[in-house]
Amino acid sequence: MGLFFNQKLAKYRKAMAEAKDYHTWRDAALELDYLEGHVEWKESYSSSLYNYELIYDRLMELKNAQQSRQHDRLIRSLREGLHHDLGNLGNPGLYHRSHVGTKHLIEEYVSQVCDAINYVCDNDLPELPLRQKLEFFKDTSLSFGHPSLLLSGGASLGLFHLGVIKALWERGLLPQVISGSSVGAIIAATLGTHTDAEIPDMLDPNKHNLKAWRWMGLVNGIQGKGFMDIQQLEGCLRSNIGEYSFQEAYQRTGRSVNISVSPVHEHQKSRLLSRYTSPYLLMWSGALASSAVPGIFPPVRLMKKDEHDNCVPYMSKLRWVDGSVVSDLPIDRLMHLYDVNFSIVSQTNPHIVPFLKKARSESAMSKLNIPWRVLKSEMRFHGKAVFDYLRKYAEPELVRQACGQAYTVLAQRYYGDVTIAPTYRFWHFSKMLSNPDTEFVKRLTLEGERATWPMISMIRSHSKISIALEEATERLRSRLQGRKADLKVVGG
């Protein structure tokens with residue numbers, strides 16, 4: 001009996017590991033949850049990990065108000081009662097107990113909130129005229145906050161991000177706020193210029209220029225001109241991203257793309273390029289600058305569109321390099337610009353991923369490891385101070401630059417509320433600085449999907465309400481604009 005049971009467990013674990021789509025993975029995960037006894041835990045409301053009584057009360061309040069058509073009560077309940085991570089429902093511990101899903105109470109609450117949002121949005125309510133309804137949803141959305149997706153650097157290994165995007169998009173969980181640095185900037189910019197209807201084409205490697213790398217020789221590299229051809233990379237980006245400015249791309253897709261770039265010159269700080277900070281800047285130009293890895297590519301000049309749609313330099317005397325050097329994941333900046341309350345990070349930097357795995361294993365024993373955690377924090381604090389001093393005053397220049405790199409690695413945060421990362425093997429590194437073929441793109445895309453699927457339940461609990469509010473706001477804007485257009489036609 002025991003042998004048969006273990007064989008069934010092994011069968012479904014293998015099915016999860018080899019799944020090529022979410023439904024296959026989820027079916028196997030649900031079978032494992034049943035065999036391992038997690039179903040009972042999900043069905044039971046109670047747990048010390050969250051305030052289940054509060055969640056239940058809020059669920060019943062919304063359900064009763066909607067079913068009885070008490071619109072004033074429903075509207076006030078949504079406006080006053082919606083808070084991100086209410087009752088600690090996003091606690092990671094609630095999503096590590098089972099392979100898929102979490103407490104049914106949490107899933108029912110999130111679904112009920114989204115249903116109530118759509119009910120208020122899509123029905124004509126005398127208590128809330130259209131213009132007031134739009135303001136209601138804008139205020140509620142601002143109060144609740146927004147999710148974001150941040151894509152790290154990682155050269156060709158960053159194609160893993162495509163799988164993360166695909167998994168989120170297929171489940172209706174792709175945030176509107178996207179940030180990227182280095183290769184993450186390229187993929188963010190490509191996503192930011194493709195509408196939802198065009199995403200299947202974006203994910204098809206046969207429809208893109210994959211020739212980003214061209215070796216320029218040792219002499220060029222030693223002379224500071226870069227070991228790789230920046231013109232080759234520029235041509236690749238322009239063919240995949242197009243000639244859109246940040247503002248034009250947002251108007252086309254509704255996605256707020258943000259790209260990190262790092263300065264070369266003194267008296268300059270890293271910048272987050274976006275439709276707010278640099279609306280006329282060409283998106284391919286921002287991605288190119290963010291991908292200019294020091295030593296591999298030379299620093300580049302940013303380009304923008306002028307008032308006649310001509311491509312002209314932006315601050316022509318300044319040059320910029322790889323955004324991940326100083327700001328791989330600009331979470332704090334996104335919080336200020338977009339009221340971001342939840343960050344999904346796809347992290348592919350090869351010098352960071354191994355430490356993420358180690359940090360996860362250490363966190364599992366955090367209560368037993370307090371002295372080590374204190375010591376590690378102290379070492380990090382003092383290490384930052386030492387490297388900060390050396391990056392300003394050390395000689396020769398090579399040592400100063402190396403200390404600057406060490407400081408930025410220690411000073412940055414490389415993870416989010418949810419962090420999705422690959423498991424690297426030797427073959428990954430052998431292709432890191434080479435032009436990928438379609439099979440390599442498909443393989444990394446599938447790896448990204450498989451790494452994302454276990455996180456779907458947690459991401460849904462955190463971001464589904466935000467996305468429902470954003471979509472409702474857009475529908476109301478469209479209705480209001482349509483009504484204005486009708487009035488113009490009637491008025492002649």
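**Exercise 1. A nonpolar surface patch**

Task: In this predicted model, find which residues make the nonpolar surface patch of about 400 Å².

Solution: 
- Step 1. Trp215, Leu218 and Ile222 make the patch.
- Step 2. Exposed means over 50%.

**Exercise 2. Helix H1**

Task: Compare the reach of helix H1 (residues 2–18) with the span expected at 1.5 Å a residue. Then work out how its buried residues are arranged around the axis.

Solution: 
- Step 1. H1 has 17 residues, and 24 Å is expected. From first C-alpha to last it reaches 24 Å, close to that value.
- Step 2. List the buried residues of H1: Leu9, Tyr12 and Met16.
- Step 3. Look down the axis of H1. The buried residues fall within an arc of 70°, so they line one face.
- Step 4. Recall the general rule: an α-helix has 3.6 residues a turn, so residues three or four places apart point the same way.
- Step 5. Turn to the face away from the buried side. It carries the exposed residues Leu3, Phe4, Lys11 and Ala17.
- Step 6. Ask what covers the buried residues of H1. The cover includes helix H2 (22–35).

**Exercise 3. Helix H20**

Task: Check the span of helix H20 (residues 438–452), and state which of its residues are buried.

Solution: 
- Step 1. At 1.5 Å a residue, the 15 residues of H20 should span 21 Å.
- Step 2. The end C-alpha atoms of H20 are 21 Å apart, which agrees.
- Step 3. The buried residues of H20 are Phe440, Val441, Leu444, Thr445, Leu446, Glu447, Gly448, Glu449, Ala451 and Thr452.

How values were computed. Residues are numbered from 1 along each chain as its sequence is written. This is a predicted model: local features need pLDDT of at least 70, side-chain atom pairs count only at pLDDT 80 or more; totals for chains, interfaces and linings use all residues. Side-chain values use heavy atoms; hydrogens and water are left out. Patches are made of residues with over 30% relative accessible area and no salt bridge: like charges are joined within 9 Å, nonpolar side chains (Val, Leu, Ile, Met, Phe, Trp, Tyr) within 5 Å. Accessible areas come from the Shrake-Rupley method with a 1.4 Å probe; for residues, only the protein chains shown count as cover. A salt bridge is a side-chain nitrogen of Lys or Arg within 4 Å of a carboxyl oxygen of Asp or Glu. Helices (H or I, at least four residues) and strands (E, at least two) are DSSP runs, numbered from the N terminus. The expected span of a helix is 1.5 Å times one less than its number of residues. Buried means under 20% relative accessible area, exposed over 50%, partly exposed in between (1.4 Å probe, protein chains only). The arc is that of the directions from the helix axis to the C-beta atoms. Contact means heavy atoms within 4.5 Å.
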